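Good morning, and thank you for coming.

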Amino acid sequence: MRNAVIGGVASVAGGGKFANGAITGAFGYMFNAATGRFIGHGLGLIIGGVGGIETGPADILVAMAFGHALGEIFSRIEDSIYDGIIYLRTDSAGGEYVGQASVDRYPDRQMEEQRANPTKTFKFEVLETVPGNSGRSLDVAEEDWIRAGGGPQTDGGPLQNRRYQMNDADYRKAGGTVNYP
Amino acid sequence: MSVNIDIGLVFAIPLAEGMFGFGQLIAWQRPIFYMAAYDMTAKSLGPSEDDMRSARPVLLGNFFDILIRNGRWLAIQRFQIPKVPFPCFKVRIGDKFYVESWDKQQKREATSEECATLQFRTDNSAIVLENALKAHFALGPWEPNWFDNLKAEAVAKSSNMFLSN
């Protein structure tokens with residue numbers, strides 16, 4: 001069986017410059033991998049929620065919007081300070097999933113999978129390393145590979161991903177160049 | 001007697017009723033061990049140091065140690081580590097591909113031929129080693145997509161690739 005994602009490698013057009021910057025220092029440890037958006041979202045909801053108490057329950061929408069905006073900001077900060085990885089997980093049935101993780105978080109993610117499924121056949125491959133100071137967004141990189149791999153099954157593609165990582169407008173705005181499959 | 005799961009450890013892999021194959025932990029890089037599996041079977045669990053010294057590694061690759069930890073593979077004891085090749089991988093950073101040594105200490109830009117030949121840095125679930133060893137001894141099907149890159153000759157070829165440029 002041909003590996004869809006690996007086969008699509010030629011169509012991934014990446015940006016960014018080579019840099020091998022291991023991020024150190026206290027600031028780099030403030031945010032765990034993939035938690036930036038979550039923290040920002042939570043903070044936004046709390047702050048926005050306080051406003052909602054003062055001005056009325058309808059402001060929950062404002063709180064959510066505020067939360068979303070802060071989540072995006074934290075996600076960007078997270079992207080800029082962490083080296084990230086785009087990985088491909090393949091199982092014995094040929095199922096493929098494209099994911100992202102920080103370099104620190106990636107080993108744990110693999111171990112979780114192995115502990116949960118000790119006798120399952122699978123492998124993890126590192127498709128791309130995205131240095132935190134490269135200016136390349138981890139979301140854009142993941143979206144590149146999802147598109148190169150043919151897209152999620154829910155959209156008629158071969159990948160086990162439940163959805164694309166970004167909508168097309170945001171992806172293009174962020175510099176993405178790979179067309180939908 | 002408990003045995004530390006550490007570099008040098010030899011372990012027995014059940015291949016069939018009363019038949020064991022043997023593997024060894026060669027190196028470690030969180031969260032993965034670089035393991036070797038040998039062209040040697042036995043009906044008992046205790047290979048001697050001489051047995052290990054004369055055994056030929058036939059499979060090499062990155063695997064998790066879960067099947068040692070859960071007792072499916074039986075830890076025996078630590079022996080001296082043989083000299084084995086380590087694979088190189090292709091890694092993509094920004095818009096370029098690089099050839100990177102297993103220990104990540106060496107890296108250079110890859111040629112298009114190397115990009116076509118080398119695999120991405122790959123970590124396999126533990127059962128892949130067991131199934132590949134069974135297949136090596138014709139006790140199961142050989143699955144090229146999963147096992148070809150684990151063959152010692154294939155690893156040696158990719159290992160040499162780093163030196164070729």
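Predicted model: local features only at pLDDT ≥ 70, side-chain atom pairs only at ≥ 80, totals over all residues.

I begin with helix 5 of chain A, residues 138-148, which is mostly covered, since 11 of its 11 residues are buried. By buried I mean that 20 or more other C-beta atoms lie within 10 Å of the residue's own; a residue is exposed if 12 or fewer do, and partly exposed in between, with C-beta atoms placed from the backbone. Helices (H or I, at least four residues) and strands (E, at least two) are DSSP runs, numbered from the N terminus. Among the buried residues of helix 5 of chain A are Leu138(A), Trp145(A) and Ile146(A), and also charged ones such as Asp139(A), Glu142(A) and Arg147(A). Just after this helix, Gly150(A) takes a positive phi of about 105°.

Residues are numbered from 1 along each chain as its sequence is written, while chains are lettered from A and ligands numbered from 1 in the order in which they are written. The predictor gives the complex an ipTM of 0.93 and a pTM of 0.78. For chain B the mean pLDDT, the predictor's confidence in each residue from 0 to 100, is 93, and 97% of the residues of chain B reach 70 or more.

Let me now turn to chain A as a whole. Its secondary structure comes to 6 helices and 3 strands, and along the sequence the pattern reads α-α-α-β-β-α-β-α-α. Chain A has 181 residues, of which 40% count as buried. Among the contacts in chain A with a separation of 6 or more, 67% come from residues 24 or more positions apart; two residues are in contact if their C-beta atoms, placed from the backbone, lie within 7 Å.

Strand 1 of chain A, residues 84-91, pairs with strand 2 of chain A, residues 96-102, in the antiparallel sense over 7 bridges. Two strands pair if DSSP finds at least two bridges between them. Gly84(A) has Ser102(A) in strand 2 as its bridge partner. The hairpin of these two strands has 4 residues between the strands, and there Gly94(A) takes a positive phi near 90°. Strand 2 of chain A is mostly covered, with 6 of its 7 residues buried.

Strand 1 of chain B, residues 9-16, pairs with strand 2 of chain B, residues 19-29, in the antiparallel sense over 6 bridges, and Phe11(B) has Gly23(B) as its bridge partner in strand 2. In that hairpin, with 2 residues between the strands, Gly18(B) takes a positive phi near 70°. Strand 2 of chain B then runs antiparallel to strand 3 of chain B, joined by 8 bridges, and a hairpin of 2 residues connects them. Here Leu25(B) has Met35(B) as its bridge partner in strand 3.

Which residues touch the most other members of the largest nonpolar core? Of its 66 residues, they are Tyr87(A), Met35(B) and Leu129(B). Strand 3 of chain B, residues 32-42, gives the most to this core, with 7 residues. Such a core is a set of buried Ala, Val, Leu, Ile, Met, Phe, Trp, Tyr and Cys residues joined through C-beta atoms within 7 Å. Leu129(B) touches, among others, Met35(B), Ala37(B) and Phe63(B), not counting residues up to four places away in sequence.

Finally, how do the chains meet? In all, 22 residues of chain B are in contact with 26 residues of chain A. On the side of chain B that touches chain A, strand 9 of chain B gives the most, with 4 residues. Strand 9 of chain B and strand 3 of chain A, residues 122-130, pair in the antiparallel sense over 4 bridges, and Val126(A) stands opposite Arg121(B).

Phe120(B) lies in the loop between helix 3 and strand 9 of chain B. Phe120(B) counts as buried because it has 20 C-beta neighbours inside 10 Å. Not counting residues up to four places away in sequence, Phe120(B) touches Glu125(A), Val126(A) and Leu127(A), together with Phe89(B) and Lys90(B).
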